[in-house]
Amino acid sequence: MATKIYIVYYSTWGHVATLAEEIKKGADSVPGVEVTVWRVPETLPEEVLGKMHAAPGREDHPVITASQLAEADGILFGFPTRFGMMAAQMKAFFDSTGGLWQEGSLAGKPAGVFLATGTQGGGQETTALTAITQLTHHGMLFVPVGYTHGAGMFAMDEVKGGSPYGAGTFASKDGSRTPSDAELALAAHQGKYFAGIAKKLKNNN
């Protein structure tokens, strides 16, 4: 049976959605893996989203319910940063997984994170670190990308998001910056790397 990878994200201006698509490309390159991209439910009213100039939700990415997480063999969670932590929409989604927590439905499943921040000091690491608490309480196995992407992760010739915790991008304070080639390359690598580990874990169980 195929290893099911779920990429579950929230995106305001589309930056995290773009990373999710790139991660999917990387994961799709691993034979025997089936990848699905999902959105978490929006919690803000349309009027507020309009004032924020938020990007419309990607209709090709269906909205996921908490119970569907149990179907996956591995999950990558993506979200923008709000004051150094995950956005409230993703936190609200995690808060809805209490039933899964009670049943231990996600325990032992590999999980990873990717994110977007407005600035270089906006939480590329603190957001990932604080997100790990959600995974820990579920007993999930955090899979960081580490420095497995090689020399590109050490390059200092350009501003770029991402870290050993996972792929990342800088959106600028108004969302005007789009993910760079280097950021997209790390995202694709994370997808391939994570899918390979999830496949090994499934096959060894």
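Select helix H6 and colour its buried residues: Glu183, Leu184, Leu186, Ala187, His189, Gln190, Gly191, Phe194, Ala195 and Ala198. Buried here means under 20% relative accessible area, exposed means over 50%, and partly exposed lies in between (1.4 Å probe, protein chains only). Helices (H or I, at least four residues) and strands (E, at least two) are DSSP runs, numbered from the N terminus.

The model is a predicted one, in which local features need pLDDT of at least 70 and side-chain atom pairs count only at pLDDT 80 or more, while totals for chains, interfaces and linings use all residues. Residues are numbered from 1 along each chain as its sequence is written, and side-chain values use heavy atoms, with hydrogens and water left out.

**Stay on H6**

H6 runs over residues 181-204 and has 24 residues. From first C-alpha to last it reaches 35 Å, close to the 34 Å expected at 1.5 Å a residue; the expected span is 1.5 Å times one less than the number of residues. Now show what its buried residues pack against: strands S1 (3-9), S2 (33-39), S3 (74-82), S5 (110-117) and S7 (168-170), together with helix H1 (15-28). Contact means heavy atoms within 4.5 Å.

**Select H1**

H1 has 14 residues and spans 20 Å between its end C-alpha atoms, close to the 20 Å expected. Its buried residues are His15, Val16, Ala17, Leu19, Ala20, Glu22, Ile23, Gly26 and Ala27. They pack against S1, S2, S3, S5, S7 and H6.

**Zoom out to the chain**

The chain has 6 helices and 7 strands, in the order β-α-β-α-β-β-α-α-β-α-β-β-α along the sequence. Its C-alpha atoms fill a box of roughly 45 × 40 × 30 Å, taken along the principal axes.

Buried residues make up 46% of the 205 residues. Of the contacts with a separation of 6 or more, 77% are between residues 24 or more positions apart. The chain exposes about 9800 Å², with 57% of it supplied by carbon and sulfur atoms; the areas come from the Shrake-Rupley method with a 1.4 Å probe, and for residues only the protein chains shown count as cover.

Next, select residues 5-194. An unreviewed UniProt entry annotates this range as "domain: Flavodoxin-like"; UniProt positions are given in the numbering used here, feature names are shortened, and annotations may be inferred rather than shown by experiment. Over this range the chain is 32% helix and 19% strand, and the end C-alpha atoms are 9 Å apart.

**Go inside: the nonpolar cores**

A nonpolar core is a set of buried Ala, Val, Leu, Ile, Met, Phe, Trp, Tyr and Cys residues joined through side-chain atoms within 4.5 Å. The largest has 27 residues, and Val8, Leu69 and Phe77 touch the most other members. At least two residues of this core come from each of S1, S3, helix H3 (88-95), S5 and helix H5 (126-138). Apart from it lies another core, of 26 residues, among them Ile5, Val16, Val37 and Val145.

Centre on Val8. Leaving aside neighbours within four places in sequence, its contacts are Trp38, Val40, Ile64, Leu69, Ile75, Leu76, Phe77, Gly78, Met90 and Phe93.

**Move to the loops**

Most residues other than glycine have a negative phi. Select Phe83, in the loop between S3 and strand S4 (85-86): its phi is positive, about 55°, although it is not a glycine. Phe83 counts as exposed because its relative accessibility is 87%.

Ser172, in the loop between S7 and H6, also has a positive phi, of about 75°. Ser172 is partly exposed, with a relative accessible area of 25%.

Ser105 sits in the loop between helix H4 (98-103) and S5. Its relative accessibility of 27% makes it partly exposed. Beyond neighbours within four places in sequence, Ser105 is in contact with Ala70 and Leu100. Draw a distance from Ser105 to Thr12: they are 93 residues apart in sequence, and their C-alpha atoms are 29 Å apart.

**Last stop: Glu46**

Glu46 is in helix H2 (residues 46-51) and is exposed, with a relative accessible area of 66%. Its C-alpha atom is 9.9 Å from that of Pro56, 10 residues away along the chain.
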